[in-house]
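Dear colleague,

I am passing on the structure we spoke about, and below it you will find my notes on a few of its side chains. Please read them with the sequence and the model open beside you.

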Amino acid sequence: MSEAINFPHLGIYLDHVGKSFSVFGIEIAYYGVTIAVAMLAGIFLALHVAKITGQNPDDYFDMAIAGIIVSVICARLYYVIFSWDQYKDDLLSILNTRGGGLAIYGGVIGAILTMVYFNRKKKIPFGLLGDTASCGIVLGQIIGRWGNFMNREAFGGLTDLPWRMRLWVSSTTYVDVHPTFLYESVWNLTGFVVLHFLSKKRKFDGQMFLAYLAWYGAGRMVIEGLRTDSLWLGPVRVSQLLAAVTMLL
């Protein structure tokens, strides 16, 4: 299969987009590197917000370390639960995260569970925790979606729109699809800017976090409907349903 990813009508031709690189004989996935960078960026932004708002950054560093662990576990469980047929006959494969299968909404759920725990442990208002973390979470999502680009995944159905993405199935066959990873990254980038300006007029604890849920939920609800790799619960796309719920919340 060709390693090229093209946006022909935008004049963008990337002839060699690899999925991994080798260091001392060890294969390292670009996806993993991208997610790691996304997590670090989100953590450092949250620490910065904590500092400038007069909070203790150490509390948020502790929460971030715990949150990464819990979020990865929840992201994996979310994917496995709604792809159970893929794992039911080989339970050990659940532990093989290098084979793919992490769902961002599971990660968000993990982050919320971590905030609930630290709300009780550190006695920091849950709304304040959410407000401080929200910009970091959305920054991580902006960056993290580019891991899907490197993996040639999380794209949408066939399209002839001018910004379509061309993926090569073989050296002579290609498909033109919606670059839904890009849609979500751009949507989150716009949300990041919106949250930045909204933060200057914040009136109550939790306002930023609720705004994040509403913004991300609205975009994901639409974008998920374009994707070809959705997780399903009967006739319903799970992440689309959850996006609608968080938006209404």
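This is a predicted model: local features need pLDDT of at least 70, side-chain atom pairs count only at pLDDT 80 or more; totals for chains, interfaces and linings use all residues.

I begin with the salt bridges, of which the count comes to eleven. One of them joins the side chains of D176 and R164, with 3.0 Å from N to O; this pair links distant parts of the chain, since D176 sits in strand β6 (residues 174-177) whereas R164 belongs to the loop between α5 and β5, twelve residues apart. D176 and R164 are both buried. D176 also meets the side chain of R166 in a salt bridge, here at 2.8 Å from N to O. Because D176 lies in strand β6 and R166 in strand β5, this pair ties together parts that are ten residues apart in sequence, and R166, like D176, is buried.

Elsewhere, salt bridges that share partners join R145, E184, R220, E224, R227 and D229 into one network.

The next residue is an arginine without such a partner. R152 lies in the loop between α5 (126-151) and β5 (165-168), and although R152 is buried, it has no salt bridge. Which side chain of opposite charge is nearest to R152, and how far away is it? It is that of E3, at 5.7 Å, which means that the pair is outside the 4 Å limit used for a salt bridge. What the side chain of R152 does have close to its polar atoms is backbone oxygen: that of E3 lies 2.5 Å from one such atom, and that of V17 lies 2.7 Å from a polar atom of the R152 side chain.

Finally, there is a nonpolar patch on the surface, formed by F61, I65, I69, I73, L77 and I81, which together have about 570 Å² of accessible area. One of these residues, I73, has its place in helix α2 (residues 57-81), and I73 is partly exposed, with a relative accessible area of 48%.

Key
Residues are numbered from 1 along each chain as its sequence is written. Side-chain values use heavy atoms; hydrogens and water are left out. Helices (H or I, at least four residues) and strands (E, at least two) are DSSP runs, numbered from the N terminus. Buried means under 20% relative accessible area, exposed over 50%, partly exposed in between (1.4 Å probe, protein chains only). Lys and Arg count as positive and Asp and Glu as negative; His and the chain ends are not counted. A polar contact is a pair of N or O atoms within 3.5 Å; within protein, one must be able to donate a hydrogen and the other to accept it, and residues adjacent in sequence count only if both atoms are side-chain atoms. Patches are made of residues with over 30% relative accessible area and no salt bridge: like charges are joined within 9 Å, nonpolar side chains (Val, Leu, Ile, Met, Phe, Trp, Tyr) within 5 Å. Accessible areas come from the Shrake-Rupley method with a 1.4 Å probe; for residues, only the protein chains shown count as cover.
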